[in-house]
Every structure is written in C-alpha cells, then in structure tokens.
Amino acid sequence: MIYNFHTHTARCGHASGTEKEYIETAIAGGIRTMGFSDHIPLAYGDGHEDTWRVPLSQAKDYVDTLHTLTREYADRIELHIGFECEYYPAYFDSMLAYAKDLGAEYLILGQHYLMGDTPADAIKMCQNTTDPALLRRYVSTVIEGMETKKFTYVAHPDVLMASVDETVYDAEMQRLCEASRALDVPLEINFLGIRRGRHYPHDRLWRIAGQVGAPVTFGFDAHKPSEAYDASSLAVAKDMVAQHGLNYIGKPTLKPLV
C-alpha cells in the first residue's frame, strides 16, 4: 500500500501528534502519496461549533501548516490537503465553499451524524439501531452525498450498526453499493475499525460490495502518528478483498473541489 488519504491532526481534539510525525511514519512504511483529511470546521446558525471538528479558529493554520510541509517534503512524499466531511444538505454548500476558500483539494464523506432540527438533535451514526427507517435514512443521505460528485470516496460506509431484519439490511447495503458503482465513488475499508475491533468493517456489507462490483479503497483513518502506516490492518483488509472478491481499485482519484 503506497497511499493513504485518511489522516487526522490534533486540532480535532481526539487525535494526537504532529503532522511531521505522521508524515515520517508514512514515509517509513512506504507511503508515496498521503492526504490529511481532518474533520471539516462547521459553525451552525447560532454560532455553535462541534467539539470534535477542527475549530474555525484553527482552520487556516491547518492548511498553512500542510502547505509548508508539502514544500518541505516534496522530494520524499506527495502530500494533499483535504477534509473529512458529512453531507448535511442545509449546510453542505457553505461547507464546500469554505473548504475551497481555504485551499483544500478534496473531501471524503464520513457520515458520522444525521442532522436534526438543531445541532443538539443530530443523530450519531456510530451506534446500534433497531430502526429500519434510520438505516434507510442513513443510506439515502450517503447516496445524496455521492451524487454531489464532490467526494473522493465514502469513509467507513458501514459505520451504522443496524440490528434489523437481514433482508432489510441487505437491501439497503445493495442500494448503497449499486450507487457506489454507478456513481464511481469508492467505499473505504476503514483501518481504524479493524485495529480497534469496532463493528466495522462489517462482512455483510463487503460481501454485497463484492457481488455488486462496487469500487473499494483503503484508509488508515490515523489519529496518532503510529497509525500513519498500519501493516496489521492492511493484512486484514487484503484478506477481505480476497474473501469477498472485492473490486479493489488501489489509490483513488482525487475529485477536485471545483
């Protein structure tokens, strides 16, 4: 594996280490193309900011620091600047414009929440639900995000654990995978889920992805420097590709924010 576009920084409040430490680990592991994609800043209408995103006050420093490092490491690794971003219909245009104004190059779609009527009503996706309607809403939202053609890939598409009837789950994952294939937006096997023993990657999704032929890529989802290369999770992901006959595309093509 010579690429990774899913890397966080300490600015999001739940990661640690310096950008240089991440870069040096990636280089030592053989990474040739690396993208930083910390959680995109967002201010709601009332001025409220989520505490797990890059604060608006630090967004320019995030980009400026990475621009400096891109020049410093130009002869050792190719660096790119992006954000991990939810698709929130009411806010997406402003989030996209903000990312472009900052000089970000790409977005990955990480649907950690579904919007409610207010920020306090947002529904967290990294949980278990028995509600088929919530699963359908999650899948529909991710597909709408893919349809914008602004996302390079979908991070952890199986982040929502749904304890629903298997036929319902399979039908929704089929819908998601068919959209991925039709729109040519890859699905990420997320290495954070592997190394932390989370409920994702979920075999039922990836079995369907293999049957459908959805494009698949890998992402380290690094939150500390030691995770900027992850050989153990890479071995697991390779086994998944073989087991499910996945359409593994390798390094995804960045979708520019134009």
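This is a predicted model: local features need pLDDT of at least 70, side-chain atom pairs count only at pLDDT 80 or more; totals for chains, interfaces and linings use all residues.
In strand E10, Phe 218 is the bridge partner of Ile 189. Strand E9, which comprises residues 187–190, runs parallel to E10, and four bridges join the two strands.

A further partner of E10 is strand E11: these two strands also pair in the parallel sense, over two bridges. Here Pro 215 stands opposite Asn 247 in E11. Between the two strands, the chain passes from E10 through helix H8, residues 231–244, to E11, and this β-α-β crossover is right-handed.

Strand E10 itself, residues 215–219, is mostly covered, with five of its five residues buried.

From E11 the reader may follow the chain onward to a charged residue. Lys 255 lies in the segment after strand E11, whose residues are 247–248. Is Lys 255 buried or exposed, and which side chain of opposite charge is nearest? Lys 255 is buried, and the nearest side chain of opposite charge is that of Asp 184, 5.5 Å away. Lys 255 has no salt bridge, because a salt bridge requires a side-chain nitrogen of Lys or Arg within 4 Å of a carboxyl oxygen of Asp or Glu.

Leaving aside residues up to four places away in sequence, Lys 255 touches Glu 105, Tyr 106, Lys 149, Lys 150, Phe 151, Thr 152, Asp 184 and Val 185.

Key: Residues are numbered from 1 along each chain as its sequence is written. Side-chain values use heavy atoms; hydrogens and water are left out. Buried means under 20% relative accessible area, exposed over 50%, partly exposed in between (1.4 Å probe, protein chains only). Lys and Arg count as positive and Asp and Glu as negative; His and the chain ends are not counted. Contact means heavy atoms within 4.5 Å. Two strands pair if DSSP finds at least two bridges between them. A crossover is right-handed if, with the strands pointing away from the viewer, the path from the first strand over the helix to the second runs clockwise.
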